[in-house]
Amino acid sequence: MTQQAFIDEVLPHQDKVYRLARNYLSNADSEDVAQEVMIRLWQKRAELSGYRSVPALAMVIARNLCLDRIKAKGYQNSSLNGISEPAHHQTPASALEAKDDTALALSIISQLPEQQRIIVHLRDVEEMEYEEIAAVVKMNVNTVRVNLSRARKTIRETMIKNYNYEYHGN
Amino acid sequence: MNTTEIKILLEKYYEGRTNLEEECQMKAYLLSPKADPQFAAEARMFGHLAKAKQETLPTAVKEKILHRLQHTTVLPYYRTRQFWYYATGIAATLLILFTIAISFYQQPAGKDSLAGTNYTRAEAQAAVLQTQQALAYVGTKFTQGTKPLKELDKLQNTQVRMQKLGKLHRNVKTINHNMDKASESLKEVEKLSKFKIVVN
């Protein structure tokens, strides 16, 4: 793969990588991870044609790097089973106080278990296929669907609850 | 797209059974101004998701990545750390094998010496011969030293005889005892009878 082909075909995925990393890490660390992923893909450019989906590969590398950083640093407010609150997310309380829809949605999603949060992100934000998501989170497709369903229902229920609360409060 | 269709799609969506195309249609409807207010919660959620997708890597970081790509060259294999890791291992193994082979097959030229000593083979053989002679001398003396021990056998025989005499003595004592008892019995009989019993 030539440098130009890499810039045209692979580099556009750097934003996806960055957004995924933001689910785990702070802003600065996410930028580092995005750089690292792109450099690794560049070093592996001769093998990229052997992969079915380069974006999925980029996401796998990004997720592994994020988890490595969390382990290595004992990341603040984070754990491997459930990363409670990425740095850019507001707490539920502050989100409610601000009555900002986006902040509320962010806070709800940030409270989901790690796997569900990443699956929702990959599907509903990055619009990836179920098979690609399964490769990233190392699950089978059915498990991905089940987790996605649970996450979506949780988000809806929490949003409806908060919406009614705000409505009646006003 | 009417509300019934949206409801069906939403049901599938919450079950994780929609495809990307259906989700796209649904999102387009819910984010449009003509969306039914009963889907307000979903509209808010999809609004956030659409907003989240707009988050991009800062331009400065993108430029930094591009710069690194242009200045990052892929090293040939023989210059990678992995190559040196394997090469060092192989070299160390070969060195050990070579050292072992040398120690096995190396013979000193011109001198028939024993390994680990300064003696020649002839000197060692002479030492063995002297040792054998010394041991033979010790063996002879030992044999001579055991001759006086044979006198002890006589003592053993005497002891056996003494044991036999002891038995004889015990038997004599038993006879005497029996004789005493017999004489006492006779005295008792003599008291009871009118006649005197004479024992020869």
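Modeller: This is a predicted model. Start with the chain as a whole. Chain A has 9 helices and 0 strands. Its pattern along the sequence is α-α-α-α-α-α-α-α-α. Of its 170 residues, 43% count as buried. Among contacts in chain A with a separation of 6 or more, 60% join residues 24 or more positions apart.

Now the pair itself. Two packed helices are described by the angle between their axes and the distance between the axes. Helix α2 of chain A covers residues 14–22, and helix α4 of chain A covers residues 54–73. They pack at an angle of about 30 degrees. Their axes lie 9 Å apart. The crossing of α2(A) past α4(A) is right-handed.

Which residues make the contact? From α2(A) come A:Lys16, A:Val17, A:Leu20 and A:Ala21. From α4(A) come A:Pro55, A:Ala58, A:Met59, A:Ala62, A:Arg63 and A:Cys66. An α-helix has 3.6 residues a turn, so residues three or four places apart point the same way. By class, the contact of α2(A) with α4(A) has 8 nonpolar residues, no polar ones and 2 charged ones.

Elsewhere in chain A, look at helix α8, residues 130–137. This helix is mostly covered, with 6 of its 8 residues buried. The buried residues of α8(A) are A:Tyr130, A:Glu132, A:Ile133, A:Ala134, A:Ala135 and A:Val136. After α8(A) comes A:Lys138. The phi of A:Lys138 is positive, near 55 degrees.

Next, the partner chain. On chain B, 28 residues are in contact with 30 residues of chain A. Three helices of chain B, α1 (3–15), α3 (40–52) and α4 (59–71), each supply at least two residues of the side that touches chain A. Of these, α3(B) gives the most, with 10 residues. By class, this side of chain B has 14 nonpolar, 5 polar and 9 charged residues.

Last, the confidence scores. Chain B averages a pLDDT of 84, and 90% of its residues score at least 70. The model as a whole scores ipTM 0.76 and pTM 0.59.

Conventions
Residues are numbered from 1 along each chain as its sequence is written. Chains are lettered from A and ligands numbered from 1 in the order in which they are written. This is a predicted model: local features need pLDDT of at least 70, side-chain atom pairs count only at pLDDT 80 or more; totals for chains, interfaces and linings use all residues. Two residues are in contact if their C-beta atoms, placed from the backbone, lie within 7 Å. Helices (H or I, at least four residues) and strands (E, at least two) are DSSP runs, numbered from the N terminus. Ala, Val, Leu, Ile, Met, Phe, Trp, Tyr, Cys and Pro count as nonpolar, Asp, Glu, Lys and Arg as charged, and the others, Gly among them, as polar. Axes are lines fitted to C-alpha atoms, for helices over the stretch in contact, and angles run from 0 to 180 degrees between N-to-C directions. A crossing is left-handed if the near helix is turned anticlockwise from the far one by less than a right angle, and right-handed if clockwise. A residue is buried if 20 or more other C-beta atoms lie within 10 Å of its own, exposed if 12 or fewer, and partly exposed in between; C-beta atoms are placed from the backbone. pLDDT is the predictor's confidence in each residue, from 0 to 100.
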